[in-house]
Amino acid sequence: MEKNIKWHLESRRLGDLIPAPWNARKISRFGKSWLKESVNSFGVPRLITINQNNHIIGGHQLCSILIQEHGPDAMVEVLVADRLLSEAEHKQLSVKLNVSAGEWDTEMLGKHFEKDELLDWGISEKMLKSW
């Protein structure tokens, strides 16, 4: 990994944020409803994390909800890396940001990630055995 990454806040148009093609996160109907209700009640206390090229690293589900609720032209505060992360860094961070919560698309994980990497990044052996 290159030098430490520094993060800063910027405003971005929701429609300009690009989902990562390897996003392996899923959300249940209940989870989506819960997230939507949470956003409507409390606003957006968690930030979408993006690479310098507007590719989403963390917050895919939140971005989707915000677009549904406010449209693609709405502006949102995002956390932006001070340099362009490599694909490997992007993938690693996207997994590490989400290890402790949510559901995973194991087919997508298997297609885009090595099992050893996922174990190193916090995905459990039990989860990987379900492949």
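This passage walks through the overall build of the chain and then its nonpolar cores.

The structure is a predicted model. Its chain has six helices and six strands, and from the N terminus on these elements follow the order β-β-α-β-β-α-β-α-β-α-α-α. The C-alpha atoms fill a box of roughly 40 × 40 × 20 Å along the principal axes. A compact globule of 131 residues would have a radius of gyration near 14 Å, and the chain, with 15 Å, agrees with that expectation. Of the contacts with a separation of 6 or more, 76% join residues 24 or more positions apart.

What share of the 131 residues is buried? Buried residues make up 36% of them. The chain carries 17 positive and 18 negative charges, whose mean positions lie 4 Å apart.

In soluble globular proteins, nonpolar side chains tend to be buried together. Here, the largest nonpolar core holds 14 residues, of which Leu 14, Leu 17, Ile 48, Ile 50, Leu 66 and Val 78 touch the most other members. At least two residues of this core come from each of helix 1 (29–42), strand 3 (48–50), helix 2 (60–70) and strand 5 (75–81). Helix 2 gives the largest share, four residues. Apart from this core lies another, of twelve residues, including Trp 22, Ala 24, Phe 113 and Leu 118.

Leaving aside residues up to four places away in sequence, Ile 48 touches several residues, among them Leu 14, Leu 17, Leu 62, Leu 66 and Val 78.

Methods. Residues numbered from 1 in each chain as written. Predicted model: local features only at pLDDT ≥ 70, side-chain atom pairs only at ≥ 80, totals over all residues. Heavy atoms only, no water. Core = buried A, V, L, I, M, F, W, Y, C linked by side-chain atoms within 4.5 Å. Buried < 20%, exposed > 50% of the residue type's maximum accessible area, 1.4 Å probe, protein only. Contact = heavy atoms within 4.5 Å. Rg over C-alpha atoms; globule rule 2.2 N^0.38 Å. Lys, Arg positive; Asp, Glu negative; His and termini not counted. Charge placed at Lys NZ, Arg CZ, Asp CG, Glu CD.
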